[in-house]
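Subject: Handover of a structure for your review

Dear colleague,

Please find below the structure that I am handing over to you. My findings follow directly after it.

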Amino acid sequence: GFKCGIVGLPNVGKSTLFNALTKTAAAQAANYPFCTIEPNTGEVAVPDSRLQAIAKIGKSANIVPTRISFVDIAGLVRGASKGEGLGNQFLANIREVDAVVHVLRCFEDDDITHVEGRIDPVSDAETVETELMLSDLESLERRIVQFRKRASSKDKEALTVLPVMEQALALLQDGKPVRFMLNGIAAEDLLILQSLNLLTSKPVLYVCNVAESDAATGNEYTEEVEEMATKQGAETVTISAAIEAEVAQLPDEEAKEYLEAMNLDEPGLDRLIRAGYKLLHLITYFTVGPKEARAWTVERGSKAPQAAGVIHTDFERGFIRAQTIAYSDYVTLGGEVPAKEAGKARDEGKEYVVQDGDIMLFRFNT
Ligand code: GDP
C-alpha cells in the first residue's frame, strides 16, 4: 500500500497525531478498522463523501472506503545524518515511505521542552531538511563517481541515469531538496529519480500543530510556515493534535458538538488524510453493487487494466473493457440505468486513463 511517513523534531506532536489517527472514526469506518501493520504503521480509511452518495443511489448494503498508511518516524535530531540519535534508523524508515508529512510545532507551552529552546517552525523545518539533504548529498556524491566513469565509456544505463543524478546533485549542492526537480519532470526521469531512492525527492506536506485556541484560525507561526510552503509549492494543513486526540475518542455525536464548539466543520485528521492522499498522487475509482459501494486507489495516470488489477490480478490479465460512468453523471442522472439511457456509460478499452471518481464495471476473461 501507499505510505506517508510522519517526521519532525522531538516534542512537536508526532505521536499525539499518530495516535489520534489510529483512533479516529475514519480509521474505524466500515469493515476496515485501523490496523497496526508494524508498531509504528497504521492504515486509515480515506474519508470521501462521494462514497455515501453512490451507495445511496446504488442501494448498496455496505460502504468500503479505500485506505492509506501512516508511519510514525521518531528519532530525528540535529546530526541524524551523522548517526546522532536514532539517525540511521530514522533515515532508513524515511526511505520506505512514498511521501513525507512534516509536523512543525506551532504551539507555545513552557511545560513542553523545545529541543532548540525556542518556537520557530520555519527554522525547525530547515533543521530537519538539512539532515535529509546532507544524507542525500553524501550518498549521491558516493554513487555518482561510478556513473561518471561508466558514462564516459558510453555505458548505456549510465548515460540515461547520470543527467538525473547531476541535476539532483546540483540542487543539493545549492542547499535545495531534490523534490524541487519534480515539477514538470519527464515520466522516464521520474522513474530514474525514484530508483535513486533519495530522502529529499519525496513529496512533502507541512502540518502546523497549533494550540486548541488557534485550530480554526491559525497563528503567526502558521503564517510563516504557509509562506515557506507556498514558495516550495507545498501544501500546509493546520491542526491541533490535542483537539484531534480528544475528538478521536468521542462518539460521533459528541465529536460533532465538540468540533462545533471549536469552530471546526470537520476533524482536522480528515483534512490531513485527504491531503496525504493527494500528496501521493493517488486517485479513486468506485465500484457499486447491492452488496457494497467501494472506493479503490490507483496512481494518477493509471490505465483501465491496471485499475482492474487493484481488485484482482485476474481482472488485469483477462481485461476486455470497462463500463465507465463519470461520478457527476452517475449522481446527477441517478444511477447506472439512467446513465446508460443517457448514453453516459462509456465502453472503455485498454488505453483508457482512469479519471478520479469514475464508476467502473470491468469485463474480463477468466
Ligand atoms: P513527538 O515527540 O513529536 O512525538 O511529540 P508528542 O506527540 O509526544 O508530544 C510531545 C508533548 O507535546 C506531549 O506532552 C504532548 O501532549 C504535547 N502536545 C502535542 N500536541 C500539543 C498541542 O497541540 N498543544 C499542547 N499544548 N501540547 C501538545
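For the residue classes used in this message, Ala, Val, Leu, Ile, Met, Phe, Trp, Tyr, Cys and Pro count as nonpolar, Asp, Glu, Lys and Arg as charged, and the others, Gly among them, as polar. Please note also that this is a predicted model.

With those classes, the shell around the ligand comprises 7 nonpolar, 7 polar and 2 charged residues. In total, 16 residues surround the ligand, and the closest are Gly13, Lys14, Ser15, Thr16 and Ala241. H1 gives the most, with 3 residues.

The UniProt record, an unreviewed entry, carries a "binding site" annotation that covers Asn11, Val12, Gly13, Lys14, Ser15 and Thr16. Gly13, Lys14, Ser15 and Thr16 are also listed among the residues closest to the ligand.

Two of these residues deserve a separate description. Lys14 is found in helix H1. Lys14 has 24 other C-beta atoms within 10 Å, so it is buried; the threshold for that class is 20 or more. Leaving aside residues up to four places away in sequence, Lys14 touches Ile6, Gly8, Asp72, Ala74 and Val103. Ser15 also has its place in helix H1. Ser15 counts as partly exposed because it has 17 C-beta neighbours inside 10 Å.

Turning to the chain as a whole, the protein chain contains 14 helices and 13 strands. Its radius of gyration is 23 Å, close to the 21 Å that the globule rule gives for 366 residues, so the chain is as compact as a globular protein of that length. The C-alpha trace spans about 65 × 60 × 35 Å along its principal axes. Of the 366 residues in the protein chain, 39% are buried. Among contacts with a separation of 6 or more, 68% are accounted for by residues 24 or more positions apart.

How is the protein chain divided into domains? The domain assignment gives domain 1 (3–279) and domain 2 (301–364). The C-alpha centres of domain 1 and domain 2 lie 31 Å apart. In the contact between them, 5 residues come from domain 1 and 7 residues from domain 2. On the side of domain 1 that touches domain 2, the residues divide into 3 nonpolar, 1 polar and 1 charged.

The UniProt record (unreviewed entry) also places the feature "domain: TGS" at residues 281–364. Over residues 281–364 the chain is 31% helix and 37% strand, with the end C-alpha atoms 27 Å apart.

One further position may be of use to you. Ala255 is found in helix H9 (residues 252–261). Ala255 has 18 other C-beta atoms within 10 Å and is therefore partly exposed. Ala255 and Ala234 are 21 residues apart along the chain, and their C-alpha atoms are separated by 30 Å.

Yours sincerely

How values were computed. Residues are numbered from 1 along each chain as its sequence is written. This is a predicted model: local features need pLDDT of at least 70, side-chain atom pairs count only at pLDDT 80 or more; totals for chains, interfaces and linings use all residues. Domain bounds come from an automatic or database domain assignment. Two residues are in contact if their C-beta atoms, placed from the backbone, lie within 7 Å. Helices (H or I, at least four residues) and strands (E, at least two) are DSSP runs, numbered from the N terminus. The radius of gyration is taken over C-alpha atoms; the globule rule is 2.2 Å times the number of residues to the power 0.38. A residue is buried if 20 or more other C-beta atoms lie within 10 Å of its own, exposed if 12 or fewer, and partly exposed in between; C-beta atoms are placed from the backbone. A residue is near a molecule or strand if its C-beta atom, placed from the backbone, lies within 6 Å of it. UniProt positions are given in the numbering used here, feature names are shortened, and annotations may be inferred rather than shown by experiment.
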